[in-house]
Amino acid sequence: MKNKNILILVRSLYIYAGGVEKMSIEIANELALRGYRVCILTWDNDLDQTLPSDFYKINKNISLYKINIGSILNKSNFITSLRRIIKIRNILIHNRINFIIAFVEGVYWNALLASFLTKIRVIASERVSPERFKYISLKKYKFIIMNLFRFAYKITIQFPSYINGYPYYLRKKINVIPNSVPHIDLNKELMNKKEKLILCVSRCSFQKNIACLLKAFSLIKNKKGWRMIILTNNEQEHPIDGLIEKLSIGKDVKIIKPKSDISDFYLKASIFCMPSYYEGFPNALAEAMSFGLSCVGFEKCSGVNQLIINKKTGL
């Protein structure tokens, strides 16, 4: 089979534990099982690493590379960005890469520049709904992004309804590939072990809107034994520990750092909340539904409103 060398390009596997990271590993592992030679390249460096090296289960035949130039926790200057692009290009050439799968648009730009004047085909893997552009103040940003997508070989999105958010000239390039969802064999005994527990699994960012969930929970005066667990890395751009203290709900709300296997939390929890403004394919919500949790989200949140049918599969 020709064209078997694939590079998965993703910002981080050692700092963030989210849907992008999880799906990039899942796709890489599946491609490796199908006989493709797969490499994964991240923007990580050794100093910023917060997750253990074995946090994700990665096929032993996959080659892992860290760029180790600058920190993704800080804004990059021109020199740092240029050095990264040069290093990516060297890895592309050394590994004789035929296809790049670039997760999210910032990574996609770098893939385009690093593969310039080569025959490498770049696949833009979109992980968020086009609704996100409503929350970006720079209106030219969407115009720039959409025109850069002209150079993509293919664009992958997660729901058919997202197609209408892209210009007509891009729609022939678009393939709809939803995320996979685990099948859980639930029985009555497992369901009877549910506790008075509300679960949220999320990054601490503007998009995820965790503050809204905390404020809503604080309005319940008599919680009748209900408590909340938030699985999150509280060190990201919108930390929530200060708000928890301000709302005086610390005895009922617990923050737990991300774990590679969170099935025990899904099994114990009764309610799953996703307060996001917008999503792509919300992995955590889909997993919670597969574990039989009652799920709550906003009706206008893209991605969430694809999975939750009001009063049937959640609220």
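Author: The buried residues of helix H9 are Asn 283, Ala 284, Leu 285, Ala 286, Glu 287, Ala 288 and Ser 290. Buried means under 20% relative accessible area; exposed is over 50%, and partly exposed lies in between (1.4 Å probe, protein chains only). Helices (H or I, at least four residues) and strands (E, at least two) are DSSP runs numbered from the N terminus. This is a predicted model, where local features need pLDDT of at least 70 and side-chain atom pairs count only at pLDDT 80 or more, while totals for chains, interfaces and linings use all residues. Residues are numbered from 1 along each chain as its sequence is written, and side-chain values use heavy atoms, without hydrogens or water.

H9 spans residues 283-290. Seven of its eight residues are buried, so the rest of the structure largely encloses H9. What do those buried residues pack against? The partners are helices H1, H8 (263-268) and H10, and strands E8, E11 (271-274) and E12 (294-297). Contact here means heavy atoms within 4.5 Å. Gly 292 follows H9 and has a positive phi, near 80°.

Seven strands form an open sheet, in the order E3-E2-E1-E4-E5-E6-E7 and with parallel pairing. Strand E3 (63-66) and strand E7 (174-176) are the edges, each pairing on one side only. The twist from one strand to the next averages 20°. Strands count as paired if DSSP finds at least two bridges between them. Strand E6 (residues 154-157) runs parallel to E7, and three bridges join the two.

The nonpolar cores come next. A nonpolar core is a set of buried Ala, Val, Leu, Ile, Met, Phe, Trp, Tyr and Cys residues joined through side-chain atoms within 4.5 Å. The largest has 62 residues. Ile 100, Phe 149, Leu 199, Tyr 266 and Phe 272 touch the most other members. Helix H3 (residues 105-114) gives this core the most, five residues. Beyond four places in sequence, Ile 100 is in contact with Leu 7, Leu 9, Leu 92, Ala 111, Ser 115, Ile 120, Arg 121, Val 122 and Ile 123. There is a second, separate core of 19 residues, including Ile 8, Ala 32, Tyr 56 and Ile 123.

Two buried polar residues sit in loops. Ser 129 lies in the loop between E5 and helix H4 (140-148). Its relative accessibility is 1%, so Ser 129 counts as buried. A polar atom of the Ser 129 side chain lies 3.0 Å from the backbone nitrogen of Glu 131. Leaving out residues up to four places away, Ser 129 touches Tyr 162, Glu 279, Gly 280 and Ser 302.

Asn 95 is in the loop between helix H2 (78-94) and E4. Asn 95 is buried too, at 3% relative accessibility. Its side chain makes a polar contact of 2.7 Å with the side chain of Arg 37. A polar contact is a pair of N or O atoms within 3.5 Å; within protein, one must be able to donate a hydrogen and the other to accept it, and residues adjacent in sequence count only if both atoms are side-chain atoms. Not counting residues up to four places away, Asn 95 touches Asn 5, Arg 37, Cys 39 and Tyr 65.

Two positive phi values remain. Asn 209 has phi near 60° without being a glycine. Asn 209 sits in the loop between strand E8 (197-201) and helix H6 (210-218), and is buried at 11% relative accessibility. Lys 311, also not a glycine, has a phi of about 70°. Lys 311 lies in the segment after helix H10 (304-307), and is exposed at 71%.

Last, the cysteines. With a disulfide taken as two cysteine sulfur atoms within 2.5 Å, the count is zero. Cys 301 is in no disulfide either, and its nearest cysteine sulfur, that of Cys 212, is 11 Å away. Cys 204 is buried at 1% relative accessibility, and Cys 301 is buried with a relative accessible area of 1%.

Conventions: Axes are lines fitted to C-alpha atoms, for helices over the stretch in contact, and angles run from 0 to 180 degrees between N-to-C directions.
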